[in-house]
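Hi everyone, thanks for coming. Please bring up the sequence and the model on your screens, and we'll walk through a few spots together.

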Amino acid sequence: MRRKPIIALIYDFDGTLSPGNMQEFGFIQAIGKTPDEFWKASDGIAISEDASNILAYMKLMRDEATKLGIRLTKANFRRFGADIKLFDGVREWFGNVNRYGAEHGVKIEHYINSSGLKEIIEGSPIAKEFKHIFAGTYIYDADGEAVWPGIAVDYTAKTQFLFKIQKGIFSSRDSKRVNESMADEAKRIPFSHMIYFGDGETDVPSMKVVSMFGGNAIAVFDPTKPSKKESARKLLRQGRVSFITPANYGRDSRTFRIVTAIIDKIRSEDELKRLSRYH
């Protein structure tokens with residue numbers, strides 16, 4: 001029996017599936033700061049030390065929690081994730097797309113590729129929908145408390161996870177197999193079967209890689225914020241993405257129409273490729 005084509009839908013998280021940064025739905029309130037105060041302090045660390053913005057926010061989270069006696073355990077991170085706000089239609093999105101794929105002869109898989117924290121995303125209401133979550137993590141001590149950044153995911157680090165998805169590698173640490181040569185037909189999900197969703201600058205390299213190798217990149221934007229729409233338009237003008245759409249994931253949304261049309265196209269191209277192998 002012929003294997004169904006697999007199509008990977010790969011999402012940034014903050015600003016893509018959620019209207020804010022994941023730290024803003026519980027953690028920042030727990031340390032008694034406003035989002036503006038927290039991110040200003042984080043940017044200050046990065047600027048003064050000429051450091052990674054991602055490592056700066058991870059350090060600030062730990063420092064502030066330690067000062068207040070808040071234990072940064074995996075369980076507590078997941079509790080913060082439980083209150084994450086999601087864009088309209090996100091909760092139903094995965095079932096709707098999976099059903100459409102099944103009805104049209106393809107298998108749909110969903111992945112996260114985020115500069116946020118894996119443990120917080122794992123506590124979100126949609127965590128179970130993802131084949132794998134690629135995101136930042138901490139290293140934990142014997143008591144289960146975060147003591148050091150384990151993985152920090154910046155805009156360039158995101159691109160490595162695309163190649164891991166392509167080859168079916170689900171270890172963030174693996175740096176050997178992902179760089180080994182592999183025949184195209186052995187790759188689990190070709191780039192042409194990838195749909196990447198993002199909202200901003202940290203997604204640009206990933207959007208470019210997916211598009212360059214025949215996949216599709218979509219810029220989503222918060223429809224309540226004109227500046228976000230203009231950012232998406234800029235990505236479209238620059239050729240970083242093929243489509244832009246408001247961050248509405250309902251069954252009748254533009255987002256759903258775009259994705260189902262891409263699924264149809266991938267399915268047709270896969271069938272034509274199969275027919276071309278007639279002997």
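Predicted model: local features only at pLDDT ≥ 70, side-chain atom pairs only at ≥ 80, totals over all residues.

Residues are numbered from 1 along each chain as its sequence is written, and side-chain values use heavy atoms, with hydrogens and water left out.

Now the answer: helix 7 passes helix 8 in a right-handed crossing (the near helix is turned clockwise from the far one by less than a right angle). Helices here are DSSP runs of H or I with at least four residues, strands are runs of E with at least two, and both are numbered from the N terminus. Two packed helices are described by the angle between their axes and the distance between the axes. For helix 7 (residues 157-167) and helix 8 (residues 204-212), the angle is about 35° and the axes are 8 Å apart. Those axes are lines fitted to C-alpha atoms over the stretch in contact, with angles from 0 to 180 degrees between N-to-C directions. Helix 7 brings K158, T159, L162 and F163 to the contact, and helix 8 brings P205, S206, V209 and V210; contact means heavy atoms within 4.5 Å.

Let's zoom out. The protein chain has 10 helices and seven strands. Of its 279 residues, 48% count as buried, meaning under 20% relative accessible area, with exposed over 50% and partly exposed in between (1.4 Å probe, protein chains only).

Next, find helix 10, residues 254-275, which has 22 residues. Its buried residues are T255, F256, I258, V259, T260, I262, I263, I266 and D270. They pack against several elements, including helix 5 (90-103) and strand 6 (216-221).

Strand 6 is also where you'll find N216. N216 is buried, with a relative accessible area of 12%. Leaving aside neighbours within four places in sequence, N216 is in contact with M194, I195, Y196, V210, S242, F243 and I262.

One last stop: D50, in the loop between helix 2 (35-49) and helix 3 (53-68). Most residues other than glycine have a negative phi. D50 is not a glycine, yet has a positive phi of about 50°. D50 is exposed, with a relative accessible area of 74%.

Terms used. Expected span 1.5 Å × (residues − 1).
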